[in-house]
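Please have the sequence and the model at hand.

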Amino acid sequence: RNPSAPTATGSFDVASFNIVLNAWSKCGNAPRAVALLGRMEHMQGLGILSFGPNEISYSTVADAWARDGDGVGNVAEAERVLHMMQSMRERDGTRNKINNNTTSSTGRRRKKKKNKKKEDIVSFNQELDLFAREGFPEAAETAEAMLFEKLREAAISSPLDDDDGDEGRVIIGCDVISFNTVLNAWSRCGNAQRASALLGRLEHLSDTLHVLPFGPNSVSYATCIS
């Protein structure tokens with residue numbers, strides 16, 4: 001940090017930047033949103049800002065690419081922004097783990113961890129929805145790949161190793177809404193065959209293999225019918 005650089009604190013915060021990012025996103029100007037995000041990161045690096053982008057910042061920029069309407073290339077740009085958000089999560093997760101181990105009781109750590117997992121599911125579903133709204137096959141393919149990557153990650157770590165004892169959706173990192181969002185992605189681009197195949201995989205994972213603690217719901221079936 002440059003000790004002679006003025007620090008912008010008190011007059012505005014990350015929410016101020018996110019409001020402007022949302023403004024560029026709503027009018028479909030992804031390049032301007034990206035430029036502002038970059039300036040925010042640069043100013044934090046210089047020590048001018050005491051804060052950097054948060055998950056809302058990155059997801060808003062990813063949404064800007066989804067709204068831009070410039071076709072398949074925007075999927076790659078949205079993915080790049082989401083990878084940046086994931087890197088931020090990993091950095092913050094490492095810092096939080098250190099802080100929790102040194103300052104929190106076991107009970108508080110477990111509650112915090114459980115809440116964080118639920119928040120992660122909501123955030124993941126928002127990411128999937130960015131691609132579901134695109135309405136073309138490449139976006140749906142990306143969303144389905146993201147979903148099954150989550151399941152592969154869950155298969156690596158056993159629920160029995162989790163210290164809060166839950167074996168539900170918080171362990172897996174996705175829920176029925178995640179599947180429904182991808183079903184919607186296939187439905188929007190008119191690929192009933194891929195939607196039906198995904199529904200079948202969900203039924204197989206939940207009813208036959210009992211890998212998932214949830215199965216299709218009425219929204220799942222209605223999405224395939226539509």
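Is the crossing of α9 and α10 left-handed or right-handed? The crossing of α9 and α10 is left-handed (the near helix is turned anticlockwise from the far one by less than a right angle).

This is a predicted model, in which local features need pLDDT of at least 70, side-chain atom pairs count only at pLDDT 80 or more, and totals for chains, interfaces and linings use all residues. Residues are numbered from 1 along each chain as its sequence is written, and side-chain values use heavy atoms, without hydrogens and water.

**The helix pair**

Two packed helices are described by the angle between their axes and the distance between the axes. For helix α9 (residues 192–208) and helix α10 (residues 218–225), the axes come within 9 Å and cross at roughly 155°. The two helices α9 and α10 are therefore roughly antiparallel to each other (angles over 145 degrees). Contact means heavy atoms within 4.5 Å.

| Helix | Residues in contact |
|---|---|
| α9 | Ala-195, Ser-196, Leu-199, Glu-203 |
| α10 | Ser-220, Tyr-221, Cys-224 |

By class, the contact of α9 with α10 has four nonpolar, two polar and one charged residues.

**The pocket**

A pocket is an open set of points on a 1 Å grid, where a 1.4 Å probe fits, with protein on both sides within 12 Å along at least five of seven lines; lining residues have an atom within 4 Å of a point. The second largest pocket is lined by 16 residues, and Glu-55, Ile-56, Ser-59, Thr-60 and Gln-126 lie nearest its centre. In this lining, α5 gives the most, with seven residues. The lining of the second largest pocket has five nonpolar, five polar and six charged residues.

Terms used:
Helix = DSSP H or I, 4+ residues; strand = E, 2+ residues; numbered from the N terminus. Nonpolar A, V, L, I, M, F, W, Y, C, P; charged D, E, K, R; others polar. Axes fitted to C-alpha atoms, helices over the stretch in contact; angles between N-to-C directions. Parallel < 35°, antiparallel > 145°, perpendicular 65-115°, else oblique.
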